[in-house]
Amino acid sequence: MFGDQVKALRSARNLSQVQLAEQLNVTKQTVCNWENNNILPSVDMLVKIALYFSVSTDYLLELNNRRYLEITGLSDIQATHIQYLINDLTGKTK
């Protein structure tokens, strides 16, 4: 569920609910309610959360499990090196 995704992403960044709330300009109670699946964010906030964590809205809503890395500004060679690292970590050869 959405709340589980947010909590996992927040925990992976070692952020408290208060810290995440500050980053998103919401209250700690709002983050708590999201994580407890009591409420869902607005569409605008869903996009803001996705951008903050560099995931898709589909990922947050568990419609797919794809994640992405922001590589804007890297050269093609640098992006290729990142892809090689990802392939090594995931065991894919390409």
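Contact is taken here as heavy atoms within 4.5 Å. The structure is a predicted model, in which local features need pLDDT of at least 70 and side-chain atom pairs count only at pLDDT 80 or more, while totals for chains, interfaces and linings use all residues. Residues are numbered from 1 along each chain as its sequence is written, and side-chain values use heavy atoms, with hydrogens and water left out.

The protein chain contains 6 helices and 0 strands, where helices (H or I, at least four residues) and strands (E, at least two) are DSSP runs numbered from the N terminus. The order of elements from the N terminus is α-α-α-α-α-α. The C-alpha trace spans about 45 × 25 × 25 Å along its principal axes. Of the 94 residues in the chain, 29% are buried; buried means under 20% relative accessible area, exposed over 50%, and partly exposed in between (1.4 Å probe, protein chains only). Among contacts with a separation of 6 or more, 43% join residues 24 or more positions apart.

A nonpolar core is defined as a set of buried Ala, Val, Leu, Ile, Met, Phe, Trp, Tyr and Cys residues joined through side-chain atoms within 4.5 Å. The largest such core has 16 residues, and Phe2, Trp34, Ile49 and Leu60 touch the most other members. Two or more residues each are given to this core by helix 1 (2–12), helix 2 (17–24), helix 3 (28–35), helix 4 (43–53) and helix 5 (57–60). Helix 4 supplies the largest share, 5 residues. Beyond its neighbours within four places in sequence, Phe2 is in contact with Trp34, Asn37, Leu40, Pro41, Leu46, Ile49, Leu60, Leu61 and Glu62.

In helix 4, the buried residues are Met45, Leu46, Ile49, Ala50 and Phe53. These buried residues line one face of helix 4, because they fall within an arc of 140° when seen down its axis; the arc is that of the directions from the helix axis to the C-beta atoms. An α-helix has 3.6 residues a turn, so residues three or four places apart point the same way. The buried residues of helix 4 pack against helix 1, helix 2, helix 3 and helix 5. Val43, Asp44 and Leu51 are exposed on the face of helix 4 turned away from its buried side. Ser54 follows helix 4 and has a positive phi, near 55°.

The protein chain exposes about 6,600 Å², of which carbon and sulfur atoms supply 53%; accessible areas come from the Shrake-Rupley method with a 1.4 Å probe.
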